Amino acid sequence: MAAPAEGMQQVAENFILQQFHNKRSELQAYSQRLGELEMNQREHNLVITALEKLPRERRCFRLVGGVLVERTVNEVEPALRKNLEKLAEVIKNMEDDMKIKEDELAAFATKYHIQPKQSDDE
């Protein structure tokens with residue numbers, strides 16, 4: 001009779017570990033997406049800085065929905081600034097969400113006494 005109980009406990013442990021790995025994978029995906037958004041934010045800043053030095057009526061090109069459209073600096077710069085503000089807001093929200101997910105993961109690990117293996121590069 002002890003064998004079925006041990007088997008059930010092993011299944012439960014595997015299920016808990018799988019949940020932990022899923023939560024950690026989700027956190028890593030969030031981190032990767034956050035890095036992409038931060039890179040996009042830096043690129044927006046670089047373009048805005050470059051456009052500030054140009055005459056307002058100068059032609060420039062902008063990729064909109066996969067189509068390259070011709071505009072003037074005066075038309076493009078405000079749109080870039082608006083996008084930059086939205087990016088900053090999304091990044092802030094993702095950082096907040098990520099902190100919550102990190103806390104949830106830590107609480108889960110503490111609750112079930114899980115000690116993640118540390119790799120050499122961490």
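His113 lies in the segment after helix 2. The model is predicted, so local features need pLDDT of at least 70 and side-chain atom pairs count only at pLDDT 80 or more, while totals for chains, interfaces and linings use all residues. Residues are numbered from 1 along each chain as its sequence is written, and side-chain values use heavy atoms, with hydrogens and water left out. Helices (H or I, at least four residues) and strands (E, at least two) are DSSP runs, numbered from the N terminus.

**After helix 2**

- His113 has a positive phi of about 55°, although it is not a glycine.
- His113 is exposed, with a relative accessible area of 71%.
- Here buried means under 20% relative accessible area, exposed means over 50%, and partly exposed lies in between (1.4 Å probe, protein chains only).

**Helix 2**

- Helix 2 covers residues 73-111, which makes 39 residues.
- From its first C-alpha to its last, helix 2 reaches 56 Å, close to the 57 Å expected at 1.5 Å a residue.
- That expected span is 1.5 Å times one less than the number of residues.
- The buried residues of helix 2 include Val73, Val76, Leu80, Leu84, Leu87 and Ile91.
- Glu77 is also among the buried residues of this helix.

**The hairpin**

- Strand 1 (residues 59-64) holds Leu63.
- Strand 1 pairs with strand 2 (residues 67-72) in the antiparallel sense, over 6 bridges.
- Two strands count as paired if DSSP finds at least two bridges between them.
- Leu63 stands opposite Leu68 in strand 2.
- The hairpin has 2 residues between the strands, and Gly65 takes a positive phi near 60°.

**A nonpolar patch**

- Phe61, Leu63 and Leu68 form a nonpolar patch on the surface.
- Together these three residues have about 350 Å² of accessible area.
- Accessible areas come from the Shrake-Rupley method with a 1.4 Å probe; for residues, only the protein chains shown count as cover.
- Patches are made of residues with over 30% relative accessible area and no salt bridge; like charges are joined within 9 Å, and nonpolar side chains (Val, Leu, Ile, Met, Phe, Trp, Tyr) within 5 Å.
- Leu63 counts as exposed because its relative accessibility is 60%.

**Salt bridges**

- Side chains of opposite charge can pair when their charged atoms come close.
- A salt bridge is a side-chain nitrogen of Lys or Arg within 4 Å of a carboxyl oxygen of Asp or Glu.
- By this rule the count comes to 8 salt bridges.
- Arg81 and Glu52 meet in one of them, at 2.5 Å from N to O.
- Arg81 lies in helix 2 and Glu52 in helix 1 (residues 2-52), so this pair ties together parts that are 29 residues apart in sequence.
- Arg81 is partly exposed at 35% relative accessible area, and Glu52 is partly exposed at 47%.
- Arg81 also forms a salt bridge with Glu77, the closest N and O atoms being 2.7 Å apart.
- Arg81 and Glu77 both lie in helix 2, 4 residues apart, or about one turn of the helix.
- Glu77 is buried, with a relative accessible area of 5%.
- Glu52, Arg56, Glu77 and Arg81 are linked in a network of salt bridges.
- Asp96 forms a salt bridge with Lys92, with the closest N and O atoms 3.1 Å apart.
- Asp96 and Lys92 are 4 residues apart in helix 2, so about one helical turn separates them.
- Asp96 is partly exposed, with a relative accessible area of 34%, and Lys92 is partly exposed at 45%.
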